[in-house]
Each structure stands twice: as C-alpha cells, then as structure tokens.
Amino acid sequence: MYNYQLHQQISLSVLQHHLDVAGKDNLFYSRFIANAQEIAQLYHNLYQNHPKGKEEFSNLLETITKAYASRTDVLKQKDEEKEELGNWFLSNQLAGMSLYVDRFCGSLQNLPSKLAYFEELGVNYLHLMPIFESPEGESDGGYAVSNFREVDPRFGSLDDLKAVQSAMQEQGMYLMIDIVLNHTSYRHQWAEKAKAGDKRYQDYFYMYDDRYIPNQFEEHMPEIFPESAPGSFSYVPECNKWVMSVFHNYQWDLNYTNPEVLVTMMDTIFYYANLGVDVLRIDAPAFIWKQLGTSCQNLPEAHNLLRLIKLCVQVAAPGMALLGEAIVAPAEIMKYFGTDRFVAKECDFAYNATQMALQWDALATGDTRVMLAAQHEILQKPYGCSWITYTRCHDDIGLGYDDSMIRAAGFNAYEHRKFLKEYYSGALPYSPASGALFSVNPKTQDARISGSLASLCGLEKAINRNDTSAIEIALQKITLMQAQSMFVGGLPILFYGDELGTVNDYGYLNDPGKSYDNRWMHRPIIDWNRVEKIKEPDTIEAKVFHATQKLIQIRKNNSVFADTKNLTWLTPYNIHIAGFIRSNEDQQFYCLFNFSGQASYITWYAFKNHGKRGNKLFDHWSETMHEIGHDHEYLIIPAYGCCIMELI
Ligand code: GLC
C-alpha cells in the first residue's frame, strides 16, 4: 500500500544527502520506495508502542540513506553486477575457508602474501574470524567485541583490513566477516557507561536491580556454556545490578526491545557492508530476542528483526548477502530462510549444522540411516537460499538433530548419542578418534564434541603409533568427509588447517585466557614450514592438500554443483552408503559416500531408477570410467571411499 508520509520522509532524507534520484541513484531510490512499506511494517511490529519508536524509525531511514550515500562507486558497481547475476552466491565457483588471521599468518598485513596459497588450493572466499577489538583473555575468540569499528591491534589496523579487502577483490575473491549482533564485551563503551550508572546505556542491555526477573528468565533458558559460564545472568558490582549474559559473563546481551540498539547496530552492519564485505555472518541470531517464560531462542521476533535487517541491507547494499549462524534444531534452522510470505527473504545462508553432525554420526557408526532420516527436513530449504556446508569449523560439533531421526534408524536416541560422545572423546578404547567433550551439562548430560577434522578421523592416534595403515584410513576418512560437504549442496567452507591434515593442538591449556575452552584444541597456529611439505608428494600435508584441491576443482568444473535445489537422495540400497544425484539440464552426477571401514557394494539397479538413464559413469574422483552393469552386478566402493560420477 502506498504511504504518502513515508514517501515524503524518504524523499527528504535522500535529498538531504544530495542523491540524484532521477539519475545515478535511481535504482537505490526505487528500491527504497518499493521496500519502505515492508520495512515500516516489520519495524512497527516490534516497536510501535515504544516511547522512542517514532524517533528511531526516522533514524533508521536516515541510516539507510547515509549508508548508501557513503558506499563507494566501486561497491555500487559490484552491487549492480551481483544483482544482474541474481543469486550470485549459489554458484559452484565459490569455495571458502574460515581462518583466524593471527593463527593463520600472524597479521592482516601478511594475509595478501598468502592469497597465492588460496589460489593454489582453489579457495576464493575467506571468512576472517572476528578481528574487531576484543579484550585479550576475555574474548571468546573475538566474539566479545569491545569496539565494532576498530580492528584489534593484535591483527593489524583498519587500513590493513581495507588493503586485504582490495587485494582480495582484485583477485576476484569474496570476503566474509562477522557481526556479533547478540552481545558486546562487558568492556564495550556502552557497557562501561551502563556500569557507571548511565540509564540510557543500561537500557542497551537487560539489566535488573535484583535477581527477581533474572530468576524467572533462567527458569526457561538453557545454559550455553554450563561448565565455564553457568546461568544466563552476571552480577555487575560497579552498579550493583544483574545483567543478562547468555554466553560468557563477559558477553552482555544487547537488548533489541530498545529500538536505539537496533538502529545503532544497523549502522554497524552498514559500516561493514561499506568495507566491501560480500557475506555478513550474523553471529548467534537465534538469541537476539528475549522474552520471559520462553527459552529466549528462535522467537518470532528474532525472525522479524532478521527480515527487517535483510530488507534494509537489500536497499542500501544489495550486494551483501547474509548468513544466519543459527545452530539449532533442524526444523528451527530452516526458519532462518524465512517462512510464509518471507520465504527466501530472511537469511541468504544458514549453516547446514544438521548435515555436518550427521556426517560425524555416520562416520562413527558406519551406518547412514540417521543421515537419511534427516533429509526430508534439510531438503525443505527454499530455492534462492543456500547452505554453508562444512565438516569442521571453529566451534564444537553439537548432536542437535532430532531424536526422531535417530529412532527412525532403529536406535535408542540416548544410547546413540552416548556412543557418539564416547567414540569421539576417546572414552572408547578402540575408537581411533582423539577429541574431547565440550560444555558437558551435569544436569542433562548433554555435551558437544571438540577436536580437529584430522584428529577426529584418527590421524593423531595413527601418527603417534606410527601406524601407516591407520594413517591411510584416517586420510580416506578426511577426504570422505570433505567430499560430502563439497557436493551435498551449498557453499563449502573449509576450516583452515584441515587442508593440511592438522591434528589437535593442546597448547591452549597453557593459556589462562583459553584453557577453560577446549574448542581451542582445534584452532591451530599454522606452521608455514609444514605448509612447505605440500610440495613433497608422500607427506600427509601433500596428500590432504591435493585431495582437497581436487575436490574443489571438480566442484568448480561442473555447474551442476551450483545450488539450484537440484539434489535427490538415492534409494538406500546399502546402509553404509549415502548417495545422491545432482542434476541440471546438461549434467547428472551420482555422488556416493561409503561410511564403512569395509568395501561396500551397491547394485547397478540403483543407477537406473532415478533421473536420466545412461550406459556409463565417469568417476571424476578416481578418474575411472564404469560401465553400468546388470541389475544383479555391483559397483564396489572402497572403505571410506567416495565416487563423484557423471552419467555419460
Ligand atoms: C557463535 C560463535 C561461537 C561463539 C558464540 C558466542 O556461536 O560461533 O564461537 O562462542 O557465537 O558469540
């Protein structure tokens, strides 16, 4: 519906910034007007009764105009190119890596000299783990930000970041960074002002005079780090109040029921957009709205906020896609793509945390039935959005998929999870994995798993025992896991170090700022002498690197791996094998993964009852051609092997 007053408000703000609405800024102006009513609606859903609601709405409109006005011509040009491509981020040409700048190469200044390394590997998309100011020792790996606008001197300067961005842009690479939307460090100036008694800034947080309301909240709020940070509130001695701190006590939750917080953070989002960020990772979006009597996770208002943010970005910086880091139950993750009339209008990406965890499930059990039982849910992802597919990241592995999925495979959910935790944490003597339990909840026995890809796949133990055949098995497993993430549909993001087969690093135990958090065991410091070993063909580093490189190449060479919602799971003829077809008009690929430690057999019939028919299959992984045989004959897939076969 047309809203004259809104139109006037926008026009005024646009004119104040001297934008050329009939000329070069016309597209922006059209986008703004076209989306204004929806922006207003989403905003008013949350804030229409707030005393500052009206004033902050004007500020929000102004923030959008200001963001566009200060966007460089180069970025505006890139926006247009991306818009012309439409859903540019679904492309099979993208392959990503997450890394800690300091642990990967020391500093931002050194990063441009490493771009050749990424190019060799095939990676053209970098997720730089948080680099904005964060108190050392109380930083949660940078996720406790004390200044959203200044790069932490540990990593370099803002100019260094800009230099990295432009070097990447020149090489046609894409940049992703985080916006830590849910909380700030307790050393952020807003928190400092709140501690000093400034009411305006106390309202930026959930602050209470006593434990009365905190107790009520805590009745329904699950603990995130029950071992290292029990409870969801912390006492603030400076002002004798209690503040909500869902994660660590040094991370204070921002109060988005206050529209001033939204508008200020929106301005920060645009600040990042205007640094040339291609994908913004919204950290912990499931938590951004709290309400008494609820778990304070995945609330409808959180989705409303994300839709509002998405639209504002769409207007001012349409080339920046949004990733919602919601690591929650499978059905809840789906909602971050938007629901009802907002389908495909919320987050452009979500992590496929369900699939990631299920790969670890299948690797431990050798049985793919739980993985398959979850696919009906995962396949609900709408067209136009995509998954981040990954095997490992900086966080723990949570076994958060549904009990019903485990039961559908014929297992008892409690016993099954217990087995997985014991398998990966080293409690089972026969398990090849070296990992640890993370955040064990003594009340519920819930726990997640820490450990690097290589160590969880058995490489660490195999190396320590000097067991060459166990080393080979571990390498097979690493490739199997990476291969499934590469082809299962979405944008694959590797975790740095995994491309070299890096095992756990227990050095974190000597650092009091890290020793309480065993996720640091899988966040390595890269030794560049080791990287040199990729040139010696028989080394572990070379084998893992070249396998990863080859997987990326196969993905890039075949447009069928663009995420056009073109995946069909194969009828499961063998419980050890997970297989799916990716197809488009030109190509049909069968991707099969054997999670068993034995060779597994699959009847050729499996290749005849879905999709197009052909006579031959070319396996791009082993580079061999297979004739499709009689129904009673078999394709044999080696232990922990995979086949990426194109129908010929
Ligand atoms: C996200 C991050 C995680 C961090 C948490 C709190 O889940 O990935 O590392 O601890 O948010 O900011």
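**The ligand shell**

Domain 1 (85–181 + 264–556) and domain 2 (183–253) each give at least three residues to the shell around the ligand. Domain bounds come from an automatic or database domain assignment. This is a predicted model, in which local features need pLDDT of at least 70 and side-chain atom pairs count only at pLDDT 80 or more, while totals for chains, interfaces and linings use all residues. Residues are numbered from 1 along each chain as its sequence is written, and side-chain values use heavy atoms, with hydrogens and water left out.

Among the residues around the ligand are Tyr-143, His-183, Phe-225, Arg-281 and Arg-519. A residue is near a molecule if one of its heavy atoms lies within 4 Å of it. By class, the shell holds 3 nonpolar, 3 polar and 6 charged residues. Here Ala, Val, Leu, Ile, Met, Phe, Trp, Tyr, Cys and Pro count as nonpolar, Asp, Glu, Lys and Arg as charged, and the others, Gly among them, as polar.

A side-chain N or O atom of Asp-140 is 2.7 Å from an oxygen atom of the ligand. For Asp-283, the distance from a polar side-chain atom to a ligand oxygen is 3.0 Å. For Asp-395, it is 2.4 Å. The protein covers 94% of the 310 Å² of accessible area that the ligand has on its own. Accessible areas come from the Shrake-Rupley method with a 1.4 Å probe; for residues, only the protein chains shown count as cover.

**Away from the ligand**

Lys-290 sits in the loop between β11 (279–282) and α12 (300–316). Helices (H or I, at least four residues) and strands (E, at least two) are DSSP runs, numbered from the N terminus. Lys-290 counts as buried, because its relative accessibility is 4%. Buried means under 20% relative accessible area, exposed over 50%, and partly exposed in between (1.4 Å probe, protein chains only). The Lys-290 side chain makes a polar contact with the side chain of Asn-182 (2.9 Å). It makes another with the side chain of Asp-253 (2.9 Å). A polar contact is a pair of N or O atoms within 3.5 Å; within protein, one must be able to donate a hydrogen and the other to accept it, and residues adjacent in sequence count only if both atoms are side-chain atoms.

Next, helix α22. In α22, 13 of the 18 residues are buried, so the rest of the structure largely encloses this helix.
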